[in-house]
Amino acid sequence: MKNLLRAYCNINKAQIFTALVLTGILSVFSGLSLIKSTNAVTVNALPETTNEVNKQNLKLNRFPRVVANAVLRNILENEQVSANKLQIIEYNQQTWRNGCLELPQANELCTQALVPGWRVVASDGEQKWIYHTNNNGRSLRLAVASNSQITPLKPVQIPANQLPVPLDRNVLFRQISSGGLTGRTYETVLLKDGRMIRVRIGDANDSERSVRRISLQQVQQFQQLLERSRFRQFVGLSYPAPNIAADHITHTLTSPQGTVQYNDISQNNLPQSLQAVVKGWNRISKSQL
C-alpha cells in the first residue's frame, strides 16, 4: 500500500513540473508575440509621421509673412499712403545674382554671390511698388514705383536681322535671356516630351548645361495657354526698356508661330494676355518632376 501511495505522489509531482514548464514556454511565446505586435504598430505609424513632416515643409515654402511685412512697412515709412488700402498683389521666388539684389546704386560695389529671395509687388489701388528682397526681408530694395494705371508699352518691330533661328520640330518653346550685370546669354528650350534644357551661350565647356523635366500634362497646359492668349498676335514685336533703365535683361520668346521680345523691367506693363504667357512660362521653367 505504501509503495502505491509513493508511486502516486511521484506521478503527481511529474505532472505538476510538466505543467509549470509548459506554462513558462507559453509565456515566452506570448511575450514574443507581444513584441512582434508592438514593432508592427511602430512601422505602420512611420508613413503618417513622414507625411506630416512633408506637409509641414510645404507650408514653410509659402511666401513668408516677414517678407510681406518688411515690404509694406518700408512703403508706409517712405510714402503717404493708407495702410488699409496697401496690400501685396504679386510675389515670386527669385535668385538674385549679387548682394545688391540686382539693384546697385551709383558707384556701389556688389558682392558677386547668389542671393535667394523674392520679387514682391505691392499696391494701394493707385500706385504700384516692386521690391527685390532676400529670403527673410531684412535686405530689400525698391525696383520700381509707378502709377498702376500706366498704359501698356508701345511695341516696335523686331528687325528681321535680329530674329533668332526658327524652332526645331521637336521644340515647343524657347527663351533667350541676355544682358544684366553679367552680360551673359542663356537659352532655355522646352521640348514636346517635357524636357527643359538650359545652356549658357558661349560656354565652350558646356559647364552650365542643365536638363530637367516637366510632366506631359504641364506641356499640354502651356500649349493651351499659348493658344488661349493668342501669342501669335505679338509675333515680331519688341517691348523695349525705358531709356533710363540700366542693366536690364532682354527676354526673347519664340514659339512655332514666331518671336516676341520684352525686358524684365517692363514686364508688368505688357499686355495682359502676353503677361499671362510670361508668368506661365516662368512657372513651368522653375518646376520639375
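**Exercise 1.** Which residue in β8 does Val189 stand opposite?

Solution. The model is predicted, with local features needing pLDDT of at least 70 and side-chain atom pairs pLDDT 80 or more, while totals for chains, interfaces and linings use all residues. Residues are numbered from 1 along each chain as its sequence is written, and side-chain values use heavy atoms, without hydrogens and water.
- Step 1: strands are DSSP runs of E with at least two residues, helices runs of H or I with at least four, numbered from the N terminus.
- Step 2: β7 (residues 185-191) and β8 (residues 195-200) run antiparallel and are joined by five bridges; pairing requires at least two DSSP bridges.
- Step 3: the residue opposite Val189 is Ile197.

**Exercise 2.** Find the edge strands of the sheet.

Solution.
- Step 1: the open sheet has eight strands with mixed pairing, ordered β5-β10-β12-β11-β6-β7-β8-β9.
- Step 2: β5 (156-157) and β9 (210-213) each have a single partner strand, so one side of each lacks a neighbour in the sheet.

**Exercise 3.** Describe the setting of Gln275.

Solution.
- Step 1: Gln275 belongs to helix α4 (residues 272-285).
- Step 2: α4 lies across strands including β6, β7 and β8, at about 95 degrees to β6; angles run from 0 to 180 degrees between N-to-C directions of axes fitted to C-alpha atoms, for helices over the stretch in contact.
- Step 3: Gln275 counts as buried because its relative accessibility is 6%, where buried means under 20%, exposed over 50% and partly exposed in between (1.4 Å probe, protein chains only).
- Step 4: not counting residues up to four places away in sequence, Gln275 touches Gln267, Asn268, Asn269 and Leu270, contact meaning heavy atoms within 4.5 Å.
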